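User: I am new to this structure. Please take me through the terms used for it and what backs them.

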Amino acid sequence: MTDLLNPAIPAGAYDAFLPGALTRAAAQRPWTPADGPLPALYLSHGAPPLFDDGPWLRELSDWALALPKPKAIVIVSAHWEDAPLMLSAPAAHTPLVYDFGGFHRRYYQMRYDTPDATGLAARIAAMMPDAEPVHQHPTRGLDHGAWIPLMAMYPLADIPVLQMSMPTHDPQRLLALGRRLAPLRDEGILVIGSGFMVHGLPYITRAMMVHGTVPAWSSGFDTWAADALARGDIDELAAYATRAPGMPYAHPTPEHYLPIFITLGTAENPEQPARTVIDGYMAGLAKRSFQLA
């Protein structure tokens, strides 16, 4: 397990990736109304080992660069489950939440100093019904489900970012929340559900960590999800706990799967076939990531 948790040069792949990524990001064309709505994204966000995976960093960067540069980003991460609905602190340079353990100190020193997002926070609050007000958290920063993938996708850190808590495990309520956020896409604001397609951390073995062995419970769940997404079968996806192969090993707890319903709800038509942008495995866990128009 030392290969992933203790690389020879912590975040060395990110250091090699960053100069070119910054150059490419600086040339990215900004979104304009003529582009139409931005797509809705679900991504498998990774943890510190993402910074040691050059191909995965480039996949995330290429995905972002294939889109116009958003005016702002709203992200719902598996790592902030809180009700009532909350937003992260909107001030510029909001501190990061280093919500992981056992890694080299380098990963706890990384920064992602985004601009002020106060206007976006007010916009989101105005979109919610009176019965479900949004509470503005005064100090909570971006957790690793937000800042780690965004450091690969938008390394300039020049886009306002807000994180929204995930207030429920009910797929239907999350779909409804996504529908409320959908108008943001027409304004050039990118809405992201951030989780991990398979997240069976308690069942990871040395063979998975060191050799990348993929267990049947990971590949089975991933194949099932890919098929349901390709068919736009929302009911099947919502019945994951009883219908998906590989359960409960693939998701001993559901928080890394559930952001998928924010993404689906935000899409113009949640029953359209999703387009997989990133697939494959990290330490034997499926990292499928997709977008919908």
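Analyst: Buried means under 20% relative accessible area, exposed over 50%, and partly exposed in between, with a 1.4 Å probe and protein chains only. This is a predicted model, in which local features need pLDDT of at least 70, side-chain atom pairs count only at pLDDT 80 or more, and totals for chains, interfaces and linings use all residues. Residues are numbered from 1 along each chain as its sequence is written, and side-chain values use heavy atoms, with hydrogens and water left out.

User: Why does proline 33 count as exposed?

Analyst: Proline 33 has 68% relative accessibility, so proline 33 counts as exposed. Proline 33 is found in the loop between helix 2 and strand 1 (40-44); helices (H or I, at least four residues) and strands (E, at least two) are DSSP runs, numbered from the N terminus.

User: Which residues of helix 2 are buried?

Analyst: Tyr14, Phe17, Ala21 and Ala25 are. The buried residues of helix 2 pack against helix 3 (54-65) and helix 5 (144-153), where contact means heavy atoms within 4.5 Å.

User: Where does helix 2 bend?

Analyst: At leucine 18, by about 40 degrees, and proline 19 follows within four residues. The bend is the angle between axes fitted to the seven residues ending at a residue and the seven starting there.

User: What lines the largest cavity?

Analyst: The lining includes Ala25, Gln28, Lys69 and Tyr154. By type, the lining residues divide into six nonpolar, one polar and two charged; Ala, Val, Leu, Ile, Met, Phe, Trp, Tyr, Cys and Pro count as nonpolar, Asp, Glu, Lys and Arg as charged, and the others, Gly among them, as polar. A cavity is a set of points on a 1 Å grid over the protein atoms alone where a 1.4 Å probe fits but cannot get out, and lining residues have an atom within 4 Å of a point.

Conventions. 1 Å grid on protein atoms, 1.4 Å probe; cavity = no way out; pocket = protein on both sides within 12 Å on 5 of 7 lines; lining within 4 Å.
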